[in-house]
4 protein chains.
Amino acid sequence: MTPSETSSYTYLGPEGTFTEAALLQVPGAGAARRVPASTVGAALDAVRSGAVDAAMVPIENSVEGGVSATLDAIAVGEPLRILREELVPITFVLAARQGTALDAVRRIATHGHAWAQCRNWVDAHVLAAEYFPASSTAAAAYGLADGDGSYDAAICSPLVAERLQLSVLAMDIGDVTDAVTRFVLVGRPDVLPPRTGADKTTLVIPLPEDHPGALMQILDQFAARGVNLSRIESRPTGQFLGDYFFSVDADGHVGDARVADALKGLHRISPGLRFLGSYARADRRSPEVERHTSDDAFGAADAWLGGILGNR
Amino acid sequence: MTPSETSSYTYLGPEGTFTEAALLQVPGAGAARRVPASTVGAALDAVRSGAVDAAMVPIENSVEGGVSATLDAIAVGEPLRILREELVPITFVLAARQGTALDAVRRIATHGHAWAQCRNWVDAHVLAAEYFPASSTAAAAYGLADGDGSYDAAICSPLVAERLQLSVLAMDIGDVTDAVTRFVLVGRPDVLPPRTGADKTTLVIPLPEDHPGALMQILDQFAARGVNLSRIESRPTGQFLGDYFFSVDADGHVGDARVADALKGLHRISPGLRFLGSYARADRRSPEVERHTSDDAFGAADAWLGGILGNR
Amino acid sequence: MTPSETSSYTYLGPEGTFTEAALLQVPGAGAARRVPASTVGAALDAVRSGAVDAAMVPIENSVEGGVSATLDAIAVGEPLRILREELVPITFVLAARQGTALDAVRRIATHGHAWAQCRNWVDAHVLAAEYFPASSTAAAAYGLADGDGSYDAAICSPLVAERLQLSVLAMDIGDVTDAVTRFVLVGRPDVLPPRTGADKTTLVIPLPEDHPGALMQILDQFAARGVNLSRIESRPTGQFLGDYFFSVDADGHVGDARVADALKGLHRISPGLRFLGSYARADRRSPEVERHTSDDAFGAADAWLGGILGNR
Amino acid sequence: MTPSETSSYTYLGPEGTFTEAALLQVPGAGAARRVPASTVGAALDAVRSGAVDAAMVPIENSVEGGVSATLDAIAVGEPLRILREELVPITFVLAARQGTALDAVRRIATHGHAWAQCRNWVDAHVLAAEYFPASSTAAAAYGLADGDGSYDAAICSPLVAERLQLSVLAMDIGDVTDAVTRFVLVGRPDVLPPRTGADKTTLVIPLPEDHPGALMQILDQFAARGVNLSRIESRPTGQFLGDYFFSVDADGHVGDARVADALKGLHRISPGLRFLGSYARADRRSPEVERHTSDDAFGAADAWLGGILGNR
């Protein structure tokens with residue numbers, strides 16, 4: 001499946017989330033059917049069941065780190081495949097119903113992460129502000145639009161404020177400028193995007209044993225082939241404290257010989273390894289490949305060994 | 001400071017949280033002054049300012065993984081020191097005001113993590129249950145006690161349900177039995193708990209550079225000295241995607257020669273390294289130490305080299 | 001070519017050397033044509049030119065170490081292939097012409113290595129003995145038989161003393177009991193002996209660069225696949241001080257997946273690598289292979305990766 | 001002891017060897033007492049007994065490799081210390097008694113190594129030349145001077161030909177131009193030459209165990225501290241085939257923190273390690289030291305750890 005205008009999508013909703021903004025960056029998605037899902041798990045299940053072709057979900061945030069819900073949901077259950085990634089700058093607005101003045105704001109609804117990221121601005125600009133937890137930034141905005149009187153304002157994305165025609169009391173209120181969230185488009189495992197030369201491969205690797213060298217042995221599979229890791233997250237398996245799996249993004253495509261060789265090495269030491277996809281990098285940055293880890297070097301070594309073994 | 005009856009403590013509140021339960025496991029804490037804090041950051045700041053002697057905060061959950069708020073708050077700012085760890089089994093109850101029947105429950109308030117961990121039970125036992133987000137499980141329980149009519153029941157700890165004299169409609173409703181959370185008692189950096197032989201050392205290690213071997217080089221400092229890691233968490237620095245620091249727990253005490261040597265090696269490659277403390281393991285399990293990484297081997301090597309250098 | 005009665009052989013002569021003793025251990029060699037060669041290089045050239053089918057040459061001595069002449073001659077020039085190895089216990093006798101008494105011996109001829117290895121016995125048993133250098137132990141014995149009056153006795157192998165009907169004045173005069181020399185039978189590169197499960201693979205590996213990790217990178221190709229090295233020799237290339245190649249024996253056969261994979265890894269980092277053969281170990285000892293380096297683990301990894309790549 | 005005019009020396013004789021040429025490069029040695037020794041072992045024993053202050057012996061040849069006799073003799077017995085190294089270009093001459101013409105030469109005496117290194121020249125210029133083994137190149141020359149009629153010419157050093165007033169029939173007859181031999185001046189272990197910034201450290205390291213990683217573990221002690229090895233030789237212990245020790249030269253002085261730290265690491269895994277000395281490099285080339293392996297980095301790490309441990 002190449003995402004196209006005929007595809008149908010789901011995403012972590014409700015409408016107007018940063019996740020929908022990420023989905024709208026996918027060519028053709030603006031004109032396609034887009035169904036919000038209430039949780040990451042529900043979004044991925046809709047892909048598994050065939051209800052939609054692909055799901056956009058957040059995977060990594062430059063401020064908060066890996067998105068645990070996605071990392072965990074994608075690591076178990078029926079296999080899925082990451083088809084592409086999208087980067088979305090995260091900017092927060094303080095939104096209210098039309099007519100609300102900034103100095104009238106007391107209770108502010110938003111998701112806990114957004115609250116944490118706007119805390120400095122709020123402390124400086126809203127006297128005695130009180131936090132009202134919401135399940136998402138978009139949900140906080142919807143509450144305002146629906147007339148929920150529990151709070152006066154919401155911290156949310158510009159997209160949802162615009163959609164709901166809320167009044168934007170302040171823009172760009174996040175403490176970290178340049179905050180960005182990375183989203184992945186997840187489809188079924190019968191697709192492997194073509195190699196572009198600037199790709200990323202995502203893997204789930206159970207830690208085989210709890211000994212001083214187990215993680216090093218895993219990392220060595222990459223390092224020995226000159227494969228850089230752009231993300232590494234440890235996640236508990238949920239079995240017991242200290243039982244981990246690792247979620248990693250490696251530079252390169254499984255179609256690159258050095259990546260394929262690293263994957264085979266990983267499979268030998270951790271056969272429960274899960275391949276989540278090779279796909280184009282959003283930043284189109286190609287890795288530098290040393291001669292001895294190039295496809296040519298792998299090809300020459302294969303040919304050389306073939307010559308030896310062919311003599312039998 | 002050895003925690004004693006004369007100490008004063010803060011903890012991630014409100015009263016009745018699992019964190020307070022962890023604090024009550026500290027000898028003498030039951031009789032000491034205990035002040036709840038609204039956030040992990042506030043709790044740690046109260047220690048830094050001298051308002052209290054130590055703070056109990058959650059650091060790792062067998063289901064959810066590392067507690068980001070704690071990992072991040074302890075990694076920056078004025079130095080702090082972990083003095084001990086406590087393990088608390090996590091069991092959830094469904095609590096309501098006296099007189100509420102289970103089949104009358106529709107909206108359930110709790111923290112997002114607790115909601116996620118009780119989802120299976122709720123789906124099976126509460127028809128058409130609706131989630132009402134709260135800033136903590138205890139806050140959800142307090143809302144009930146305070147007469148907040150927005151929801152009918154709360155998922156919370158047994159401790160807070162008992163304190164607030166709520167009616168427990170169901171016990172042990174978590175999907176994962178044996179869930180456990182690890183808490184750390186954090187004090188000022190003028191204390192180093194004595195070596196017990198079954199210790200743990202916590203470190204914050206900035207990743208020096210983004211190249212294939214940077215993380216391996218760090219891990220090798222432990223592996224080369226036979227020091228096992230019981231926890232490794234990557235956390236974004238918040239600067240840009242892919243800029244990480246690592247939070248690790250290593251087996252052993254900085255007073256063990258192999259740990260001290262590993263720390264020196266780490267300091268050389270990542271001088272921004274932060275030592276967060278060496279303290280007794282809650283499970284009292286001693287590591288197996290190979291001959292060549294024993295204190296004796298380190299002592300013999302020092303003596304041998306001293307003999308050579310003494311000749312100058 | 002399987003060595004057979006119809007084969008013709010050369011060996012490092014003259015007749016009666018330990019090398020001929022090694023050749024006589026090869027099934028059928030006793031009845032085959034056996035031509036002594038004056039140097040290792042001449043013996044190998046006779047194989048290259050087709051004058052003989054195979055050459056027996058010494059490669060490693062438990063007392064003296066690697067045999068430089070062989071290591072160097074086999075490392076360059078037209079490719080050759082080691083077909084089998086033979087171990088021969090090294091025992092020296094002091095031989096003289098019939099009628100010579102031990103207390104009449106003054107000048108003793110032998111090869112420098114043999115002289116070094118019998119020095120203690122000579123010092124203890126032959127008053128004021130003088131060393132007379134010979135180009136081989138056998139040459140020293142031949143000199144006696146030919147009536148060369150420059151010396152009175154020779155240190156040589158029991159085989160040559162018997163052949164030449166010399167008088168054996170003392171047996172087993174080597175300082176090291178249990179000394180053993182390893183010989184290899186070298187043929188043309190169109191033969192690959194079958195895998196027996198207890199094999200050895202010999203390689204010549206140029207050191208790619210003079211940096212702290214170059215040799216480690218080479219050794220890691222073996223260690224990462226659980227392949228033990230039973231011999232490692234550094235040899236100068238002769239170009240400049242510090243420019244080396246390595247001659248190694250690895251446990252296993254190129255037909256073992258872990259060995260084949262190590263060879264491919266070596267070829268990538270040192271493409272000038274030379275494969276000198278896989279052949280049965282003289283001691284028939286099989287290596288212990290861990291699950292993750294077994295042929296099964298390699299096969300499973302290949303199949304798994306094939307499943308991923310087949311989807312394109 | 002700093003070698004001075006009042007010192008007495010021995011060297012691998014007889015007079016006129018390349019080894020004496022190396023000794024004459026030592027400041028003051030030309031005027032000092034110089035006693036030739038018949039073997040490397042005898043030369044080193046003269047140092048051990050106090051008969052002389054230091055011995056010059058060959059250790060490494062750019063064509064032949066490590067000098068086994070020296071590597072083995074220095075590795076056992078009473079400890080010794082390398083004080084300096086000298087490089088001597090190796091050039092061979094064909095020398096004969098006055099009046100001998102080149103076309104009259106049939107039998108040529110020399111040491112086996114020299115014969116091997118001049119083979120091409122001899123084959124091209126001396127019709128039907130025959131090899132007559134001698135215990136050293138100098139001994140071959142002395143034979144001529146002494147009137148030994150067994151041979152017509154000697155391959156030897158220019159120094160000895162000049163000393164003995166032999167006729168030089170041809171100069172520079174070695175097959176490898178630029179051949180060089182490295183010699184070391186060996187004294188008693190109560191001396192440690194000062195650090196110059198361009199030093200070398202020589203070690204003897206028994207291989208602790210025969211497993212895939214043992215040698216890597218040793219090499220990692222250097223690589224992990226950025227210490228380059230300029231020479232590595234495996235030598236059999238003489239106990240059984242495959243039982244090795246390693247003789248290595250590492251860049252740097254034991255007074256450099258990174259070298260001292262590597263030595264301590266080596267001592268822990270191979271306590272039988274022998275330190276043979278730190279001394280100025282003959283080529284005066286300083287190594288490049290990365291920041292994290294500099295003395296500053298080691299000092300900063302020590303101070304940092306001291307701060308932590310001082311709090312107890």
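How many residues of domain 1 of chain A are in contact with domain 2 of chain A?

## Domains of chain A

This is a predicted model. Ten residues of domain 1 of chain A are in contact with eleven residues of domain 2 of chain A. On the domain 1 side, five of the residues are nonpolar, two are polar and three are charged. The C-alpha centres of domain 1 and domain 2 of chain A lie 25 Å apart.

Where do these domains run in chain A? Domain 1 is written in two pieces, 7-90 and 179-190. Domain 2 covers 93-171. Domain 3 covers 192-304.

## Where chain B touches chain A

Chain B puts 36 residues in contact with 37 residues of chain A. Elements of chain B that give two or more residues to this side are β8 (130-133), β11 (180-187), α7 (214-223) and β13 (229-236). β13(B) gives the most, with seven residues.

What kinds of residues make up the side of chain B that touches chain A? There are 17 nonpolar, twelve polar and seven charged residues.

## Where chain D touches chain C

Now the other pair of chains. Here, 37 residues of chain D are in contact with 37 residues of chain C. In chain D, β8 (130-133), β11 (180-187), α7 (214-223) and β13 (229-236) each supply at least two residues of the side that touches chain C. Which element of chain D supplies the largest share of that side? The answer is β13(D), with seven residues.

The side of chain D that touches chain C divides into 17 nonpolar, twelve polar and eight charged residues.

How values were computed:
Residues are numbered from 1 along each chain as its sequence is written. Chains are lettered from A and ligands numbered from 1 in the order in which they are written. This is a predicted model: local features need pLDDT of at least 70, side-chain atom pairs count only at pLDDT 80 or more; totals for chains, interfaces and linings use all residues. Two residues are in contact if their C-beta atoms, placed from the backbone, lie within 7 Å. Helices (H or I, at least four residues) and strands (E, at least two) are DSSP runs, numbered from the N terminus. Ala, Val, Leu, Ile, Met, Phe, Trp, Tyr, Cys and Pro count as nonpolar, Asp, Glu, Lys and Arg as charged, and the others, Gly among them, as polar. Domain bounds come from an automatic or database domain assignment.
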